[in-house]
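Here is a friendly note to read alongside the model. The points are numbered so that you can check each one in your viewer.

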Amino acid sequence: MRDLYTDLKALKLPGMAKAYRELKEKPGVESLNFDERLTLLIEAELESKSSN
């Protein structure tokens, strides 16, 4: 399986990459469904882009 963190960085999505790494470390994240996890990643990327 590919390293998603590295792929996100290569796609120039540093906010998503950082959020992905942080989510993997959070206890209980497995209780979130796919849409909830994806939403968190997208929100992190949008915030990252708006702060630059």
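1. Let me start with a charged pair. D7 and R2 form a salt bridge, with their closest N and O atoms 2.8 Å apart; the term stands for a side-chain nitrogen of Lys or Arg within 4 Å of a carboxyl oxygen of Asp or Glu. R2 counts as exposed, at 66% relative accessibility. For this and later points, buried means under 20% relative accessible area, exposed over 50%, and partly exposed in between, using a 1.4 Å probe and protein chains only.

2. A word on where the values come from. This is a predicted model, in which local features need pLDDT of at least 70 and side-chain atom pairs count only at pLDDT 80 or more, while totals for chains, interfaces and linings use all residues. Residues are numbered from 1 along each chain as its sequence is written, and side-chain values use heavy atoms, with hydrogens and water left out.

3. How many salt bridges are there by this rule? The count comes to three. Side chains of opposite charge can pair when their charged atoms come close. Besides the pair in point 1, K18 and E22 meet at 2.9 Å, N to O. Both of these residues lie in helix α2, four residues apart, about one turn of the helix. K18 is exposed, with a relative accessible area of 52%, and E22 is partly exposed at 42%. Helices here are DSSP runs (H or I, at least four residues), numbered from the N terminus.

4. K49 and E45 also form a salt bridge, their closest N and O atoms being 2.9 Å apart. These two residues are four apart in helix α3, so about one helical turn separates them.

5. Which residues of α3 are buried? They are L41, E45 and S48. Seen down the axis of α3, the buried residues fall within an arc of 60°, so they line one face of the helix; the arc is that of the directions from the helix axis to the C-beta atoms. An α-helix has 3.6 residues a turn, so residues three or four places apart point the same way. On the face turned away from the buried side, α3 carries the exposed residues D35, L46, E47 and S50.

6. What do the buried residues of α3 pack against? They pack against α2, residues 14-25. S48 can be checked in detail: this residue is buried, with a relative accessible area of 17%. Not counting residues up to four places away in sequence, S48 touches P14 and G15; contact means heavy atoms within 4.5 Å.

7. Now the largest nonpolar core. Eight residues make it up: Y5, L8, M16, A17, A19, L23, V29 and L41. Such a core is a set of buried Ala, Val, Leu, Ile, Met, Phe, Trp, Tyr and Cys residues joined through side-chain atoms within 4.5 Å. The elements giving two or more residues to this core are α1 and α2, and α2 gives the most, with four residues.

8. A17, found in helix α2, counts as buried at 0% relative accessibility. Leaving aside neighbours within four places in sequence, A17 touches Y5, L8 and K9. The C-alpha atoms of A17 and A44 are separated by 9.0 Å, with the two residues 27 apart along the chain. Y5 lies in helix α1 and, with the sequence neighbours up to four places away again not counted, touches A17, K18, Y20 and R21. Between the C-alpha atoms of Y5 and K18, 13 residues apart along the chain, the separation is 7.8 Å.

9. Finally, a backbone detail. K12 has a phi near 60°, a positive value in a residue other than glycine. This residue lies in the loop between α1 (4-10) and α2. K12 is exposed, with a relative accessible area of 63%.
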